[in-house]
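I opened this notebook to record what I looked up in one structure. The entries follow the order of my reading.

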Amino acid sequence: FGIWELATGKLIRNINTDYAEGDTDPGDPDPVLFSPDGEILAIAGTANITLWQVSSGEKIQTINRYHQGWGSCLAFHPNGQILAFSGSDSTDSIKLWDIKTGSEICILQETLNRVTSLDFSGNGEVLVSSYRDGTISVWQQKRV
């Protein structure tokens, strides 16, 4: 993957996604997403989501999506520390992942309908998911 400076068209950095690890499938485009501060790049492969430090090009961590064979929806929380993504084995699910600890926070839903998009509200208190059957779900953070 290449990261380009828009103003000049200059290549800033190449990120070697290392196909041998199953991070990506060279035959299919992979969803990619910058964190809100632009410091982390998430790349969804056929088996994993890989997080990269943009400034150094170093791999931060690999998240096993527990599923093979199709791309994933990705959304960063506005604080940049939580990644929401879809993908599971027999059902589709939405998982929240803590970037700092490298661990799963929770699974929000398991459904037989494929997730087609995810997005957080600007303040991060709401996550919206849409599904192939036309359903839209709104998830609101519980206040303690």
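What share of the contacts in the chain between residues at least 6 apart in sequence join residues at least 24 apart? I found that 28% of these contacts do so, a contact being heavy atoms within 4.5 Å.

**Entry 1: basis.** I noted that this is a predicted model, in which local features need pLDDT of at least 70, side-chain atom pairs count only at pLDDT 80 or more, and totals for chains, interfaces and linings use all residues. Residues are numbered from 1 along each chain as its sequence is written, and side-chain values use heavy atoms, with hydrogens and water left out.

**Entry 2: confidence.** I looked up pLDDT, the predictor's confidence in each residue, from 0 to 100. The chain has a mean of 80, and 76% of its residues reach 70 or more. Where pLDDT is low, the predicted coordinates should not be read in detail.

**Entry 3: elements.** I counted 13 strands and zero helices. Both are DSSP runs numbered from the N terminus: helices are H or I, at least four residues, and strands are E, at least two.

Entry 4: A nonpolar core is a set of buried Ala, Val, Leu, Ile, Met, Phe, Trp, Tyr and Cys residues joined through side-chain atoms within 4.5 Å. The largest has twelve residues, including Ile-40, Leu-74, Phe-85 and Trp-97. Two or more of its residues come from each of β4 (40-44), β5 (48-53), β7 (74-76) and β8 (82-86). The largest share, three residues, is given by β4. Another core, of eleven residues, lies apart from it and includes Ile-82 and Leu-127.

**Entry 5: surface.** I found a nonpolar patch of about 280 Å², made by Val-128, Ile-136 and Val-138. Patch residues have over 30% relative accessible area and no salt bridge; like charges are joined within 9 Å, nonpolar side chains (Val, Leu, Ile, Met, Phe, Trp, Tyr) within 5 Å. A salt bridge is a side-chain nitrogen of Lys or Arg within 4 Å of a carboxyl oxygen of Asp or Glu. Areas come from the Shrake-Rupley method with a 1.4 Å probe; for residues, only the protein chains shown count as cover. Val-128, in β12 (residues 126-131), is partly exposed at 33%. Ile-136, in β13 (residues 136-140), is exposed at 58%.

Note on methods. Buried < 20%, exposed > 50% of the residue type's maximum accessible area, 1.4 Å probe, protein only.
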